[in-house]
Amino acid sequence: MSANEDDHNIIQVAEKVYKHRNVYRTSKDSSGNNLLHLAARLAPTNKLNLIIGATLQIQHELQWFKEVKRFVCPLSIIQKNSSGETPQMVFTREHKNLVIEGKKWMKSTAESCTITVALITTIVLAAAITLPGGNKEETGIPMFTNHTAFTIFAISYVISLFAAVTSLLMFLSILNAHYAEQDFLLKLPTKLIIGLSTLFISTTTMVVVVATTLYIVFGQSNSQILIPIAVLTCLPITSFVILQFPLVIDLMSATYGRSIFRKDARY
């Protein structure tokens with residue numbers, strides 16, 4: 001059975017439970033566990049492995065727990081089982097290791113991206129200090145101010161710099177986060193989405209900055225150089241999209257997509 005078929009079956013079962021929620025609101029098993037206690041348990045390994053990354057796994061577990069909490073009897077939320085544990089206590093105990101793995105994954109990703117952003121910022125600042133074509137000795141105004149390529153250079157430079165700074169701030173906030181369980185539900189994934197998206201914008205515009213610099217310096221007398229420059233510009237951008245954008249799409253889908261039980265709302 002494929003992952004999509006398995007997810008579809010899980011959703012169907014969940015929707016049936018939701019439709020008959022009044023039957024299960026106050027039910028208990030022999031150990032005094034109500035429905036929320038059972039939802040707080042860690043999913044089987046074969047189910048978790050369908051979700052890539054510890055961060056997305058703990059997020060999915062939190063979403064499942066929160067969905068079940070929506071329709072159980074309010075007393076069930078604070079009710080203790082025969083071991084004296086509330087559903088939240090069961091969830092914390094069962095997912096302790098998964099939260100640790102999610103923290104490691106988030107920190108590792110943020111550290112790697114922080115180094116990348118620092119390199120981009122250095123390249124962009126260096127490009128601004130040594131303007132393509134130089135300046136006029138009399139006025140200090142850039143030589144190619146009135147050229148379209150220079151305008152593209154200036155706009156790309158500004159976008160790249162501010163996007164890089166925004167991305168850097170997002171990744172630094174991830175590194176300094178408390179990594180509480182609930183942070184994995186929305187807070188941390190949102191920061192990672194913003195950080196990766198602005199990193200993509202910064203990387204793309206940085207490549208444009210380098211490309212326009214090459215064209216201004218070498219392409220004034222030979223317009224055919226624009227073709228290899230355009231091809232080389234598309235190469236790193238395409239690579240970034242192929243390698244990193246699937247993660248961004250997965251994060252956005254998991255964070256802002258449809259709810260587990262209902263297709264028309266997110267909780």
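Which helix gives the largest share of the nonpolar patch? Helix H10 (residues 187-218) does, with 4 residues. Before selecting them, note that this is a predicted model, in which local features need pLDDT of at least 70, side-chain atom pairs count only at pLDDT 80 or more, and totals for chains, interfaces and linings use all residues. Residues are numbered from 1 along each chain as its sequence is written, and side-chain values use heavy atoms, with hydrogens and water left out.

**Stop 1: the nonpolar patch**

Select Ile123, Val210, Leu214, Val217 and Phe218. Together these residues form a nonpolar patch on the surface, with about 420 Å² of accessible area. Patches are made of residues with over 30% relative accessible area and no salt bridge; like charges are joined within 9 Å, and nonpolar side chains (Val, Leu, Ile, Met, Phe, Trp, Tyr) within 5 Å. Accessible areas come from the Shrake-Rupley method with a 1.4 Å probe, and for residues only the protein chains shown count as cover.

Now pick out Val210, which is in helix H10. Val210 counts as partly exposed because its relative accessibility is 38%. The classes are buried (under 20% relative accessible area), exposed (over 50%) and partly exposed (in between), with a 1.4 Å probe and protein chains only.

**Stop 2: the whole chain**

Zoom out and colour by secondary structure. The protein chain has 11 helices and 0 strands. Helices (H or I, at least four residues) and strands (E, at least two) are DSSP runs, numbered from the N terminus. Buried residues make up 39% of the 267 residues in the chain. The accessible surface of the chain comes to about 15,000 Å², and carbon and sulfur atoms account for 64% of that.

Of the contacts in the chain (heavy atoms within 4.5 Å) with a separation of 6 or more, 75% are between residues 24 or more positions apart. Asp250 is in helix H11 (residues 226-256), and at 37% relative accessibility Asp250 counts as partly exposed.

**Stop 3: the annotated spans**

An unreviewed UniProt entry lists residues 113-131, 151-172, 192-218 and 224-249 under "transmembrane region". UniProt positions are given in the numbering used here, feature names are shortened, and annotations may be inferred rather than shown by experiment.

Select residues 151-172: the span is 100% helix and 0% strand, and its end C-alpha atoms lie 32 Å apart. Then select residues 192-218, where the chain is also 100% helix and 0% strand. The end C-alpha atoms of residues 192-218 are 39 Å apart.

**Stop 4: the salt bridges**

Side chains of opposite charge can pair when their charged atoms come close. A salt bridge is a side-chain nitrogen of Lys or Arg within 4 Å of a carboxyl oxygen of Asp or Glu, and by this rule the count comes to 3.

Start with Arg70 and Glu67, whose side chains meet in a salt bridge (3.6 Å, N to O). Both residues lie in helix H5 (residues 54-71), 3 residues apart, about one turn of the helix. Are the two partners buried or exposed? Arg70 is partly exposed, with a relative accessible area of 37%, whereas Glu67 is buried at 2%.

Next, show Arg93 and Glu85. The closest N and O atoms of this salt bridge are 2.9 Å apart. Arg93 counts as partly exposed at 45% relative accessibility, while Glu85 is buried, with a relative accessible area of 16%. Glu94 is partly exposed, with a relative accessible area of 27%. Salt bridges that share partners join Glu85, Arg93 and Glu94 into one network.

**Stop 5: two single residues**

Select Thr109 in helix H8 (residues 96-129). A polar atom of the Thr109 side chain lies 2.9 Å from the backbone oxygen of Trp105. Thr109 counts as buried because its relative accessibility is 15%.

Finish at Tyr179, in the loop between helix H9 (148-175) and H10. Tyr179 has a positive phi of about 60 degrees although it is not a glycine. Tyr179 is buried, with a relative accessible area of 6%.

Conventions: A polar contact is a pair of N or O atoms within 3.5 Å; within protein, one must be able to donate a hydrogen and the other to accept it, and residues adjacent in sequence count only if both atoms are side-chain atoms.
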